[in-house]
Amino acid sequence: MKWVNLFLVFFFITFNSYAQQSLLQPNYSLLENRLHQYSTQNFSQEDTTQSSEYPNPTSVLYKSLIIPGWGQVINNQIWKVPIIYGVFAGLGVYTSYVNGQYKDYRAAYYNTTQGEDSDLKFGPTPERLEGVNANQLQSNRNNLRNRRDLMFVIIGLAYGLNAIDAYIFAHMRNFDVSDDLSARATVQPTILAERSLGIQVKFSFLKK
């Protein structure tokens, strides 16, 4: 009988210890699931709102590369379109003028160096360049050729800047930089590392 009593006491102590540990073990699964659902729902709503309200920057970039000024139209910056085409028109007219001058000096220099046996490979010598020294013709020809090549580079840069401008502004369209902004702090419980309870503080910038 004594051994039976000792066994019952030992069994009671062991069971009591296990029960206390089970009751003290935190179970945050329900809270964790609700926080996860809340965060997922908020992010989905924000993404849907931004995608429907603002254009995709990558799409704007491609459209600006296809037709200069198209991206600015999508970004509601139509006032930039005349400036873009004005710049392209000015660069194109000046490049065409420089290229024409270069061809005249090239023909004059070639005919001068070939003399009477010139085959007029680059055309006849313009009247205004007849009798000009060959060294001067060569120098002007080289300068005009370098200037023409530089204009081609500038036109390429203007084309690229048109696309970059549309791409950057498409990224910044949803940035509110007005003076009437306010911040709202949100405090809510959350699950930290090792499944321990914690508090999350989030600041949201709102318009007044």
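Biologist: Is Asn-76 buried or exposed in this structure?

Modeller: The label follows from a cut-off: a residue counts as exposed when its relative accessible area is over 50%. In this predicted model, Asn-76 has a relative accessible area of 56%, so Asn-76 is exposed.

Biologist: Where is Asn-76 found?

Modeller: Asn-76 is in the loop that runs between helix H4 (70-74) and helix H5 (80-114).

Biologist: What is the phi of Asn-76?

Modeller: Phi of Asn-76 is near 60 degrees, which is a positive value in a residue other than glycine.

Biologist: What phi does Leu-120 have?

Modeller: Leu-120 is not a glycine either, and its phi is positive, about 55 degrees. Leu-120 lies in the loop between H5 and helix H6 (134-172).

Biologist: How many helices and strands does the protein chain have?

Modeller: The protein chain has six helices and two strands. Along the sequence the pattern reads α-α-α-α-α-α-β-β.

Biologist: What percentage of the residues of the protein chain count as buried?

Modeller: The figure is 22% of the 208 residues. The protein chain exposes about 15500 Å², and 60% of that area is supplied by carbon and sulfur atoms.

Biologist: What share of the contacts in the protein chain with a separation of 6 or more comes from residues 24 or more positions apart?

Modeller: Such residues account for 58% of those contacts.

Technical notes: Residues numbered from 1 in each chain as written. Predicted model: local features only at pLDDT ≥ 70, side-chain atom pairs only at ≥ 80, totals over all residues. Heavy atoms only, no water. Helix = DSSP H or I, 4+ residues; strand = E, 2+ residues; numbered from the N terminus. Buried < 20%, exposed > 50% of the residue type's maximum accessible area, 1.4 Å probe, protein only. Contact = heavy atoms within 4.5 Å. Areas by Shrake-Rupley, 256 points an atom, 1.4 Å probe, with all protein chains shown as cover.
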